[in-house]
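Reader: I am new to reading protein models. Could we go through this one together, a question at a time?

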Amino acid sequence: MNLKLAILILKHLLLYKMREKIIIILCFFSVFKTEAQQPYDKLIDSICNRAKTISLYRDSVNWDTMKHVMKMKSKNATKIEELKPAFDYLLNQLRDHHGRILLRKDYSTLSYFTDYKNKRFKDKREFNIEAWKVVNDVNLSYSYKLLKNGIAYLKIVGIGPMVDIEKESIKIRNSINKMYKNRVIKWIVDLRYNGGGNMHPMMAGLGPLIGDGKVGMTMDSKGYRLFDWEIKNGNFIYDSLQVVYLRNKITFDSLPKVVVLTSRWTVSSGEIVATAFKGRPNTFFIGEATGGATTETNFEIFGEVILNISTGYFSDRNGVVYDENIPVDFEIPFEIVAGLYKDKCINAAINWLEK
């Protein structure tokens, strides 16, 4: 081979190799830059993969599209709070109006369902902001009273997630014990002011009044039972989990008469309590159909956020599934009045109990 030709070929090879290395280096920095711009891609992948497995509405969305759009909406995020548009998109596409994304640091809500025009359950009743404020007042607390003719009145309000579960359970149980010792056999359980929260103190406290046995179930979208809700020796067991143990000092000869009061503001864990009373003997419902957050929600931690989305429907002990809201036997519109005996629902409850 001609020496000049050989040198020329060698120069071209060297230039080619150098260009190849430069291209490789540029590609490396390009990939690094892309990853740096989207630090939350792995978090979004993890949350989407889990939601695809457990969501009650998982079959209603395209998960590849979901991930792509969520990553586009979060590509400029530099802190966890800036993922709100991506998480809003997740809940809106699932049409999960009971779902939430919470911040792990303080359990505050980062994201929730906002596409109300596309809500699965369309409640056409008027939204009264003043009534909503009263029901969801953080200063509202559990109360009880012995009414005329030996009727016990229990006002079960919403209980926040960050509470001493045993303490709140005992508060309700002790009042029932006190009434039981006074031989009370007629009860009003008022859930109208129950905006949800932690179900365990409510159900554990009320356990003996609800009665032992299977008191409800969680069902999937195809009607298959996921797990049972039970009262065993007065204690509440949910999906084989007993959060609090209370000594049961109450033994009714037969389940006493109970009127349950509900309103459109009764939601979430308040609706769990209502469902547990559905199908119970000697029980009557007065007021309004509940608000329609009748889904089990899972509570799962992913780094800085908590995924809390719907995974199943509430069902009563007889297998009736409440995929919208929980109806009443006798309807009376919700009103906020001063004085128990001026309350139309309470007076109607007294009349039914005295029959």
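Author: Gladly! One definition to start with: helices and strands are DSSP runs, at least four residues long for a helix and at least two for a strand, numbered from the N terminus. Please keep in mind that this is a predicted model.

Reader: How many helices and strands are there in the protein chain?
Author: Counting those runs along the protein chain gives both kinds of element. The totals are nine helices and 16 strands.

Reader: What share of the residues in the protein chain is buried?
Author: A residue counts as buried when its relative accessible area is under 20%. The protein chain has 355 residues, and the buried share of them is 46%.

Reader: And what share of the contacts joins residues at least 24 apart?
Author: Here we take contacts in the protein chain between residues at least 6 apart in sequence. Of these, the share that joins residues at least 24 apart is 71%.

Reader: Let's look at helix 3. Where around the axis do its buried residues lie?
Author: Helix 3 covers residues 63-73, and Trp-63, Met-66, Val-69 and Met-70 are buried there. Their arc around the axis is only 125 degrees, so they lie on the same side of helix 3.

Reader: Which residue caps the N-terminal end of helix 3?
Author: Look at the backbone nitrogen of Asp-64: a side-chain oxygen lies 3.1 Å from it. That oxygen belongs to the capping residue, Asn-62.

Reader: Which residue forms a salt bridge with Asp-45?
Author: The structure holds 12 salt bridges, and this is one of them. The closest N and O atoms of the pair are 3.0 Å apart, and the partner of Asp-45 is Lys-71. The pair links distant parts of the chain, 26 residues apart, with Asp-45 in helix 2 and its partner in helix 3. Asp-45 is partly exposed, at a relative accessible area of 23%, and the partner you asked for is Lys-71.

Reader: How far apart along helix 5 are Glu-130 and Lys-133?
Author: Their side chains meet in a salt bridge, at 4.0 Å from N to O. Glu-130 is partly exposed with a relative accessible area of 48%, and Lys-133 is partly exposed with 46%. Because they sit three residues apart in helix 5 (residues 129-135), the separation is about one helical turn.

Reader: Which strands pair with strand 9?
Author: Strand 9 spans residues 257-262, and five of its six residues are buried. Over five bridges strand 9 pairs in the parallel sense with strand 5 (residues 186-190), where Trp-187 stands opposite Val-258. Another five bridges join strand 9 in parallel to strand 10 (residues 283-287), with Leu-261 opposite Ile-286. The partners are strand 5 and strand 10.

Reader: Which helix joins strand 9 and strand 10 in a β-α-β unit?
Author: The two strands run parallel. Together with a helix of residues 269-277 they make a right-handed β-α-β unit, and that helix is helix 8.

Reader: Which residue in the hairpin of strand 1 and strand 2 takes a positive phi?
Author: Three bridges join strand 1 to strand 2 (residues 109-112) in an antiparallel pair, and Ile-101 has Ser-111 as its bridge partner. The hairpin has five residues between the strands, and the one with a phi near 65 degrees is Tyr-107.

Terms used
Residues numbered from 1 in each chain as written. Predicted model: local features only at pLDDT ≥ 70, side-chain atom pairs only at ≥ 80, totals over all residues. Heavy atoms only, no water. Buried < 20%, exposed > 50% of the residue type's maximum accessible area, 1.4 Å probe, protein only. Arc of directions from axis to C-beta. Polar contact = N/O pair within 3.5 Å; in protein donor to acceptor, adjacent residues only side chain to side chain. Pairing = 2+ DSSP bridges. Right-handed = clockwise from strand over helix to strand, strands pointing away. Contact = heavy atoms within 4.5 Å.
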